[in-house]
Amino acid sequence: MKCNIALAQINTKLGRVEDNLEKHMDYIKAAQAQNADLIVFPELSLTGYVLQDLTPTVSHHPTADDPIFRPLLEASQKMDIMVGYVDEDIRNRFYIAAAYLSRGEVLHVHHKVYLPTYGLFDESRFFAWGDGVQAFDTPFGRMGMLICEDFWHASPPYLLWLDGADILLLQSASPGRGLGQAPELESAHWVDHINRAYASLFTDFVIHTNRVGFEDGLNFWGGASAYDPNGQRLVLGPKHEEALVMVEIDLNQLHRTRARMPMLRDERTALVQREMNRILNGKNCGTGR
Amino acid sequence: MSDIPIYREDHRPEHDMSINTELARKILTGFIHSEITRTGFKKAVLGLSGGIDSALSCYLAAEALGPENVLVVRMPYKASSAESLSHAQLVIDDLGIQSMTVEITDMVDPLFAKFPEMNKMRKGNIMARQRMIILYDQSAAFSGLVVGTGNKTEILLGYSTLFGDSACALNPIGDLYKCQVRQLSRALGVPSEIVDKPPSADLWAGQTDEADLGYTYDQADRLLYLLIDERYTPAECIEAGFEPDFVQSVVERVRRNHFKRILPPIAKLSNRTIGYDYLYLRDWGT
């Protein structure tokens with residue numbers, strides 16, 4: 001089976017959800033014209049990134065009675081859609097969230113688990129952290145979604161892999177930083193590096209979309225990419241410019257690669273669990289020494 | 001003698017501060033274009049001194065917005081060097097940007113005359129602030145935003161006048177050390193007369209930045225890079241070969257001048273105070 005994926009590396013307006021929705025609908029139409037099966041938007045694609053005190057004013061629910069999600073759910077009748085937004089739970093906690101919409105239904109919502117609060121980041125000042133990492137079934141196989149800092153940690157992709165995800169959908173609003181002599185920023189290099197590593201280590205497809213544009217002095221570098229289970233890069237979008245980046249993945253590649261590289265077959269999950277229990281129950285728990 | 005072959009790591013250039021100029025150019029022109037047009041403007045106003053920092057900002061603004069959308073203002077005082085004016089003219093001619101010259105002598109001399117004891121620093125500050133007044137007036141007249149020209153080295157050292165040359169709506173070059181400003185200027189075609197001359201605030205005849213500061217920009221750049229970007233402690237900088245007195249004076253200067261880098265603190269009384277718990281980016285809603 002093949003899946004034709006559109007990676008929307010868009011700019012957003014900070015705190016203007018309706019304007020951003022309009023752009024989503026434009027990109028969805030363009031992706032339909034390219035016969036896409038799935039379109040992937042970046043982190044907080046409906047809201048913009050450095051929300052600060054705008055956070056409680058831009059939250060939405062992925063339900064058919066929500067004015068922002070209604071048109072997206074309708075559009076998902078023809079094509080699967082992954083969007084980024086601010087989710088508010090019934091106890092009024094706010095999450096950086098990703099929703100996967102398919103055939104008018106919400107198949108899965110992921111709340112960002114790792115909220116960077118260091119350096120230029122201040123996410124956990126404004127957001128609650130998600131408390132789960134789960135794969136889910138789609139018409140194109142089992143997938144998992146992660147948001148930016150989630151995949152700067154090795155455990156969430158690992159958990160999704162064990163939970164059956166063959167396709168990792170990663171979305172970012174990654175501020176560019178680290179200008180040296182190289183033709184790309186250190187942050188862009190780093191993300192590319194680890195995405196290739198996940199594809200290789202897990203013999204999975206790794207699909208990544210990152211936004212572009214500026215918010216005050218921060219630049220977002222785009223560079224959407226897809227890796228196949230051999231760790232080969234299938235596509236790389238332009239840096240710092242809006243684009244709809246198209247890539248077709250051949251799901252039969254999973255069969256071919258895993259016949260040759262049986263990392264999944266050989267993974268010792270019981271050993272991992274046993275050793276995790278030992279480490280976490282030990283008297284020096286958490287310090288590693 | 002053992003015949004075990006020994007391999008060593010390749011020689012690593014230590015703390016090379018050079019940058020990819022094409023990438024810097026792409027990000028900085030994108031920044032200028034985004035931050036000016038999203039607020040409904042399309043033009044920029046800059047003070048052009050004839051020095052490298054304002055020249056580089058002009059080249060970036062002209063590329064980002066088109067030369068017809070850039071207005072530069074030359075604002076000499078009677079003691080300013082003629083070379084500064086002619087170097088500014090090189091930039092104007094090369095880029096085809098709009099320009100005007102507004103001499104500040106008649107504006108600042110009456111204030112100087114009221115305080116005969118006024119020292120050079122006070123006079124320099126007044127000149128820098130007078131230039132700010134002219135730039136912000138032209139900002140309104142030309143419907144353009146004032147683009148700043150301060151680099152990372154001088155911002156960290158506080159080598160600027162608060163509400164004077166540091167005043168701007170956006171600053172494209174404030175995260176580039178002086179040596180990186182030189183590298184990017186060469187790549188963008190800033191005339192070599194400007195790139196290669198000794199940096200000067202040109203507030204009085206013969207003034208140079210390096211004489212004012214007491215050290216060279218190259219020394220300051222390398223030390224600041226270790227302290228700020230690489231998070232070295234002062235002791236580690238000394239261990240890396242810098243003179244202890246130099247390290248101490250730079251560390252102290254950076255700390256003492258921090259007030260120039262932040263908005264004035266507001267005394268907190270309410271539950272929601274601007275700057276503490278009323279937090280929005282400037283780009284809010286755009």
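Tutor: Here it is; keep in mind that the model is predicted. In α3(B), the residues His87(B), Ala88(B), Val91(B) and Leu95(B) are buried.

Student: What makes a residue buried or exposed?

Tutor: A count of other C-beta atoms within 10 Å of its own: 20 or more makes a residue buried, and 12 or fewer makes it exposed. His87(B) is called buried, so its count is 20 or more.

Student: What do the buried residues of α3(B) pack against?

Tutor: They pack against α2 (52-65), β2 (70-74) and α8 (192-196) of chain B.

Student: How do you know that the span of α3(B) is close to the expected one?

Tutor: The helix covers residues 82-95, which is 14 residues, and from first to last C-alpha it reaches 20 Å. At 1.5 Å a residue, 20 Å is expected, so the two values are close. After the helix comes Gly96(B), with a positive phi near 70 degrees.

Student: Now chain A. Why are the buried residues of α4(A) said to line one face of the helix?

Tutor: In helix α4 (residues 155-162) of chain A, the buried residues are Pro156(A), Pro157(A), Leu160(A) and Trp161(A). Viewed down the axis of α4(A), they fall within an arc of 140 degrees, so they line one face. They pack against β8 (141-147), β9 (167-172) and α5 (186-202) of chain A. Just after α4(A), the phi of Gly164(A) is positive, about 105 degrees.

Student: How do you know that the radius of gyration of chain A agrees with that of a compact globule?

Tutor: For 289 residues, a compact globule would have a radius near 19 Å; chain A has 19 Å, so the two agree. Along the principal axes, its C-alpha atoms fill a box of roughly 50 × 45 × 45 Å. As for burial, 48% of the residues of chain A count as buried.

Student: How many residues of the two chains are in contact?

Tutor: 21 residues of chain B are in contact with 20 residues of chain A. The chain B side has 10 nonpolar, six polar and five charged residues.

Terms used:
Residues numbered from 1 in each chain as written. Chains lettered and ligands numbered in written order. Predicted model: local features only at pLDDT ≥ 70, side-chain atom pairs only at ≥ 80, totals over all residues. Contact = placed C-beta atoms within 7 Å. Nonpolar A, V, L, I, M, F, W, Y, C, P; charged D, E, K, R; others polar. Rg over C-alpha atoms; globule rule 2.2 N^0.38 Å. Helix = DSSP H or I, 4+ residues; strand = E, 2+ residues; numbered from the N terminus. Arc of directions from axis to C-beta.
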